[in-house]
Amino acid sequence: MDFTHSEEQDAIRALAADVFTGRAGIDRVKQIELSDERIDRDLWRELATTGLLGVALPEGLGGGGFGLPELYVLLEQQGRHVAPVPIWQSVLAALAIVEFGSDTQKSAHVPAVAEGRGFLTIGLEEFGPYVDRDPQTTAAETDGRWTLSGAKAVVPVTHVADRAVVSATTDTGAALFLVDLTADGVSIEQTQSTTWEICGNLTFDSAAAELLGPTDGTAVEWLRDRVELALAALALGVGAGAVQQSVTYLNGRQQFGRPLATFQAVAHKLADCYIELEAMSVTLWQATQKLAAGTDPGTSVLVAKWWATEGGQNIVHRTTHLHGGMGVDTDYPVHRHLLWGKQIGATLGGSASDLARLGAKLATGAEVVA
């Protein structure tokens with residue numbers, strides 16, 4: 001497979017790099033971390049104005065008409081700059097509405113994301129270890145109306161999102177539902193993630209919800225695959241950004257009269273980072289091409305997710321170590337890459353969970369895509 005980016009994707013990458021470099025410098029990130037929302041609304045509007053925020057959304061709904069590869073190019077650049085904006089949460093929720101929603105749902109929620117006027121979020125995780133099974137949250141239908149009961153854990157940006165796309169189990173299988181976070185029967189316990197992002201634990205008590213798509217589990221799998229690759233794209237950017245910071249730091253710091261970068265042990269650690277970044281990149285783009293082409297991804301998404309989780313955490317730990325005492329200074333930039341790497345690595349299950357799910361797929365006769 002050819003993983004070379006197209007001219008359009010290269011242009012999106014260059015534009016995104018310019019926007020994040022100009023709008024998400026370390027001083028700006030620090031400022032946002034101290035704000036009440038911890039979301040950079042100026043950057044959010046800039047991403048919308050440049051067309052980047054809606055790059056994967058349909059043109060008829062205010063987007064750019066591209067697809068998943070272009071979205072993941074954008075997320076990779078976000079990860080490099082650890083920019084505090086909820087891109088994957090809002091855009092993938094909007095894409096789920098595009099894929100499974102009614103015309104009314106699409107026109108009500110998708111353009112607001114593309115234009116930077118609103119936020120959406122996604123709730124797939126529940127309390128306890130993440131496993132590949134139907135959600136514990138349940139959905140019931142009465143006279144054509146759906147209600148949810150149960151809970152979702154650490155749902156991102158619930159303090160600003162208008163709606164959440166969540167998974168729940170019906171009588172016939174798992175399904176996706178669109179929930180108004182201000183509706184009766186929805187309660188939110190606000191907390192924060194490892195990255196200091198505000199998130200919420202949601203509880204549903206017969207809360208009204210709108211069904212998105214079929215109730216046979218396929219819609220949930222559709223969204224989970226895309227979220228897992230979004231996390232992989234972010235992890236690739238976070239790792240690449242951490243390595244770049246390390247290279248700059250090690251070339252500038254001297255010990256025994258020569259740069260730290262020239263020491264063999266340092267070079268070996270950076271070489272290991274390079275190998276893992278390449279593996280993360282190859283597996284990400286292989287799985288992305290399969291999803292974009294509409295073919296069965298097989299095990300490719302899980303393989304990419306495992307590399308992002310395992311390799312991504314290895315990289316942020318090594319680069320923190322290579323910075324010595326500066327690496328654990330919370331005021332120093334590389335510390336944020338460590339936090340993002342840890343958070344991404346724990347979302348939708350860690351590396352052990354990924355391997356368990358991969359093993360379960362192999363046990364059913366699935367072909368390994370690696």
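Predicted model: local features only at pLDDT ≥ 70, side-chain atom pairs only at ≥ 80, totals over all residues.

Colleague: What makes residues 7-23 helix α1, and how do you know that the span agrees?

Modeller: Helices are DSSP runs of H or I with at least four residues, strands are runs of E with at least two, and both are numbered from the N terminus. The expected span is 1.5 Å times one less than the number of residues. For the 17 residues of α1 that gives 24 Å, and the end C-alpha atoms are 24 Å apart, so the two agree.

Colleague: Which residues of α1 are called buried?

Modeller: Buried means under 20% relative accessible area, exposed over 50%, and partly exposed in between, with a 1.4 Å probe and protein chains only. In α1, Q9, I12, A16, V19 and F20 are buried. They cover an arc of only 90° around the axis, so they sit on the same side of α1. That arc is taken from the directions from the helix axis to the C-beta atoms. On the other side, E7, D18, T21 and G22 are exposed.

Colleague: What do the buried residues of α1 pack against?

Modeller: They pack against α3 (41-49), α4 (68-81) and α5 (87-100). Contact here means heavy atoms within 4.5 Å.

Colleague: How do you know that the span of α7 agrees?

Modeller: Its 35 residues should span 51 Å, and its end C-alpha atoms are 51 Å apart, so the span agrees. α7 is also mostly covered, with 27 of its 35 residues buried.

Colleague: What makes a space a cavity, and what makes it a pocket?

Modeller: On a 1 Å grid over the protein atoms alone, a cavity is a set of points where a 1.4 Å probe fits but cannot get out. A pocket is an open set with protein on both sides within 12 Å along at least five of seven lines. Lining residues have an atom within 4 Å of a point. Grid points are joined across faces, edges and corners, and a volume is the space filled by probe spheres set on the points.

Colleague: How many cavities of 30 Å³ or more does the count give?

Modeller: It comes to one. The largest cavity has a volume of about 40 Å³. Its lining includes A235, G312 and I344. α7 (218-252), α9 (300-322) and α10 (334-346) each give two or more residues to that lining. The largest share, five residues, comes from α9.

Colleague: Which residues lie nearest the centre of the largest pocket?

Modeller: Q89, S193, T195, E197 and Q343 do, out of 41 lining residues. The pocket has a volume of about 680 Å³. α10 gives the most to its lining, with six residues.

Colleague: Why is D143 called exposed?

Modeller: Its relative accessible area is 79%, so D143 is exposed. D143 is found in the loop between β2 (138-142) and β3 (145-156). Its phi is near 55°, a positive value in a residue other than glycine.

Colleague: Why is V154 called partly exposed?

Modeller: Its relative accessible area is 38%, so V154 is partly exposed. V154 lies in strand β3. Its phi, near 40°, is also positive in a residue other than glycine.

Note on methods
Residues numbered from 1 in each chain as written. Heavy atoms only, no water.
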